[in-house]
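Please open the model in a viewer and keep the selection panel at hand.

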Amino acid sequence: MASAPKPTLDFDGLRPPSPFLTPAHDAWRRKLRAFVDAEIAPHLDEWDAASTFPDELYPKAAKAGVLGMGFDPALGGTGEDIDLYHRIIFAEEFFRLGSGVVFADLATHWIGLPPVIAFGPPEMRETVAKPVLAGEKKISFAVTEPSGGSDVGGFQTTATRQGDHFIVNGEKTLISGATRADYLLTAVRTGGAGVGGLSLLLIDAHSPGVSTAPVRGLGWYNKNNGSLRFEDVKVPVGNLIGPENRGFAGLANQFNIERFSGISATLAMARTAIAEAIAFARDRHTFGQRLVDHQAIRHKIVEMIQRVNACYAYLDILVWRFGRGETAVADLAMMKIQATTTLEHCARECLQVLGGRAYTGANRVERIYREARIFVIGGGSEEILRDLAGRQIGL
Ligand SMILES: Cc1cc2nc3c(=O)[nH]c(=O)nc-3n(C[C@H](O)[C@H](O)[C@H](O)COP(=O)(O)OP(=O)(O)OC[C@H]3O[C@@H](n4cnc5c(N)ncnc54)[C@H](O)[C@@H]3O)c2cc1C
């Protein structure tokens, strides 16, 4: 049996082969890459510096068939023959350049819109889903509060019934896309204490009493991530998404599916960072030889590749199990921790390989290093996911 050919040690070559990827997946990857190379890559440094990107990107992404991935074609989506690998490839291609700013905002509808379509009143398919998937309107998912995001049962934003309306008061923070959202899918307290008193309410972000401000100091430098204040905001009762006081009941599956995006994003960023570190280490000479010829540096690089490869093998198995109708909740939680801490390790080690060069701005590793931390916090933090996995496996 012939030994495997040498990988190219660039972004593509650092993805280990998968028996599950098909020509249809490859075509989807090419389509996304063409979009990212044409519409995002030329502007990325400028957008990084400005901490935002123009609104025009939304309709462009819609027209290119990028925004609607996984949604009903009747609503403007591209839902046919879509499987989890399409979602995985989407995250890989958007994070290939090592910038989460674009993805974080452009993809907020992936978490905000599905509950509206699944559990909202039918007319919202026309009034909300269609314009969002056309890139004409934007939706954010507003859950986290200044008092904390992990302890969902402790949320304090209230929605009090008054005739045909709810009156909403409270605050949210760290909400991706909040400063330019048109709709806010918001977790509100309609009942008693705990998770059992929470509902989801679709709030028009332009309603009187809604105000927003950017959250400063994030590693992403994204000025569209914002805090929200609700002061006596009047919201029609018809904007309730799902049953009253059972707002989170239908979301578990969505959270599980969403983890695949976080996992894939981190592995893509790790590959980008490793590829840059390898290119630098092959070019740089210290003490009379290439940096990569020093054993300490070679070991760093091999260990990073080894960790990434292990993650992809784990990921393939989880996708396979998912395809058989089995949601491996505990493994997905553990996989997310595995992938995100792998990125943290790789970001640290790649920055170490680049040394001072990492601080000169002429590379993506510095940016990836800044972004790596959030993945271990958002979408289920390391500690909360370990607890979840522990409960699921019956510890
Ligand atoms: C860039 C960015 C984008 C975001 N986008 C959104 C968004 O679009 N919508 C949204 O709703 N939120 C968003 N968030 C918020 C994110 O979901 C929260 O940061 C996350 O849920 C954790 O909540 P917290 O930061 O309030 O931490 P806390 O809940 O206050 O916890 C603080 C730390 O303690 C740990 N901890 C908590 N409880 C326990 C325990 N029982 N045992 C051990 N450790 C524990 C946590 O893991 C965390 O590390 C975003 C955050 C960032 C940074």
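**The ligand site**

Select domain 2 (139–241) and domain 3 (252–392), whose bounds come from an automatic or database domain assignment: both give residues to the shell around the ligand, so the ligand lies between them. The model is a predicted one, in which local features need pLDDT of at least 70 and side-chain atom pairs count only at pLDDT 80 or more, while totals for chains, interfaces and linings use all residues. Residues are numbered from 1 along each chain as its sequence is written, and side-chain values use heavy atoms, with hydrogens and water left out.

The ligand is surrounded by 17 residues, and the closest are Thr144, Gly149, Ser150, Ser381 and Glu383. Strand β3 (165–175) and helix α12 (382–392) each supply at least two residues of this shell; helices (H or I, at least four residues) and strands (E, at least two) are DSSP runs, numbered from the N terminus. The shell comprises 9 nonpolar, 7 polar and 1 charged residues, where Ala, Val, Leu, Ile, Met, Phe, Trp, Tyr, Cys and Pro count as nonpolar, Asp, Glu, Lys and Arg as charged, and the others, Gly among them, as polar.

Zoom in on individual atoms. A polar side-chain atom of Thr144 lies 2.7 Å from a nitrogen atom of the ligand. In Ser150, a side-chain N or O atom is 2.6 Å from an oxygen atom of the ligand. At Leu174, a backbone N or O atom lies 2.9 Å from a ligand nitrogen atom. On its own the ligand has 970 Å² of accessible area, of which the protein covers 64% (Shrake-Rupley method, 1.4 Å probe).

**The charged pairs**

Now select Arg33 and Glu93, which form a salt bridge with their closest N and O atoms 2.8 Å apart (a side-chain nitrogen of Lys or Arg within 4 Å of a carboxyl oxygen of Asp or Glu). Arg33 lies in helix α1 (residues 23–40) and Glu93 in helix α4 (residues 84–95), so the pair ties together parts that are 60 residues apart in sequence. Both Arg33 and Glu93 are buried (under 20% relative accessible area; exposed is over 50%, partly exposed in between, with a 1.4 Å probe and protein chains only).

Move to helix α9 (residues 295–323), where Glu303 and Arg307 lie 4 residues apart, about one turn of the helix. Their salt bridge has its closest N and O atoms 2.7 Å apart. Glu303 is partly exposed at 28% relative accessibility, as is Arg307 at 30%.

Conventions. Near = heavy atom within 4 Å. Polar contact = N/O pair within 3.5 Å; in protein donor to acceptor, adjacent residues only side chain to side chain.
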